[in-house]
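Q: Please take a close look at one part of this model. Then show me how the rest of the chain is built around it.

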Amino acid sequence: MTNPDTTIEALVAEFSRDRGITLVVDQCFALIDPFRVGISLLPNVAVEGLSWDTGKTFGLNEDKLGFIVCSPDLRDRLAHRLKILQFDVSRRLKVLFREILRRAKSDGYPNYLSERARANVEIAEAVLVGTGLQPLIPDAGSFLLLDTVGHRASASALAAALLQTKSLGVIRIDSFFTPQPPALHADRYIRLAMAREPSVIEEAARRIAYIAR
């Protein structure tokens with residue numbers, strides 16, 4: 001029986017999990033929360049057993065080029081639902097985009113990126129054990145979230161300390177929007193990019209662990 005106090009977002013997450021539905025969410029709307037209704041962030045409502053993935057928009061000359069989804073399983077599911085390559089760009093750019101995407105696929109870049117990000121997540125998770133920071137790991141994706149809810153310092157305090165004392169820049173969730181009441185957990189998460197060399201990720205995780213401890 002579902003808790004009557006459960007948010008609508010959590011109910012949608014449970015429904016999607018139970019029925020095997022692919023749910024595509026633009027998380028930025030939860031961050032902006034334009035109607036000030038208190039939209040929950042995805043990591044807060046991702047119920048056990050729910051597969052969630054992240055992706056990355058990339059562009060060329062200020063035009064959107066495409067969206068990389070790192071999970072092969074999610075790519076296959078989306079391929080049956082989304083057929084649009086691009087819109088509101090010239091035919092010449094569409095041809096260019098199609099060729100770039102074709103080469104990326106034939107060269108195996110999406111799988112390479114996914115494997116590299118997955119390995120880097122494991123490296124960072126191992127180094128950060130015992131820091132009080134809880135890694136939130138999507139099933140695929142190019143970044144890792146660190147939850148500071150159980151730590152003595154907030155996300156913004158940790159980010160400032162890392163930048164000032166360890167020359168390490170991390171991204172706070174509230175970097176993407178201006179918090180307005182009743183924004184939920186605006187100063188809770190740190191986001192780390194995983195699409196880097198393993199040695200870079202390991203060194204970054206060590207600096208975070210040093211500050212967090």
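A: Buried means a relative accessible area under 20%, exposed means over 50%, and partly exposed is in between (1.4 Å probe, protein chains only). His151 has a relative accessible area of 11%, so His151 is buried. This is a predicted model: local features need pLDDT of at least 70, side-chain atom pairs count only at pLDDT 80 or more, and totals for chains, interfaces and linings use all residues. Residues are numbered from 1 along each chain as its sequence is written, and side-chain values use heavy atoms, leaving out hydrogens and water.

Where is His151? Look at the loop between β4 (143–147) and α7 (155–166). Helices (H or I, at least four residues) and strands (E, at least two) are DSSP runs, numbered from the N terminus. Now count contacts (heavy atoms within 4.5 Å). Setting aside residues up to four places away in sequence, His151 touches Thr131, Gly132, Leu133, Leu158 and Ala212.

Next, step back to the whole chain. The chain has 213 residues, and 36% of them count as buried. There are eight helices and six strands. From the N terminus, the order is α-α-α-β-β-α-α-α-β-β-α-β-β-α. Take the contacts in the chain with a separation of 6 or more: 63% of them join residues 24 or more positions apart.

One such region is helix α1, which holds Ser16. Ser16 has a relative accessible area of 4%, so Ser16 is buried too. Beyond its neighbours within four places in sequence, Ser16 contacts Ile21, Leu23 and Leu50. Ser16 and Leu50 are 34 residues apart in sequence, yet their C-alpha atoms are 7.8 Å apart in space.

Leu23 sits in the loop between α1 (8–19) and α2 (27–32). Leu23 counts as partly exposed because its relative accessibility is 47%. Ile8, Leu11, Val12, Leu23 and Val25 make a nonpolar surface patch of about 430 Å².

Terms used:
Patch = residues over 30% accessible without salt bridge, like charges linked within 9 Å, V, L, I, M, F, W, Y side chains within 5 Å. Areas by Shrake-Rupley, 256 points an atom, 1.4 Å probe, with all protein chains shown as cover. Salt bridge = Lys/Arg side-chain N within 4 Å of Asp/Glu carboxyl O.
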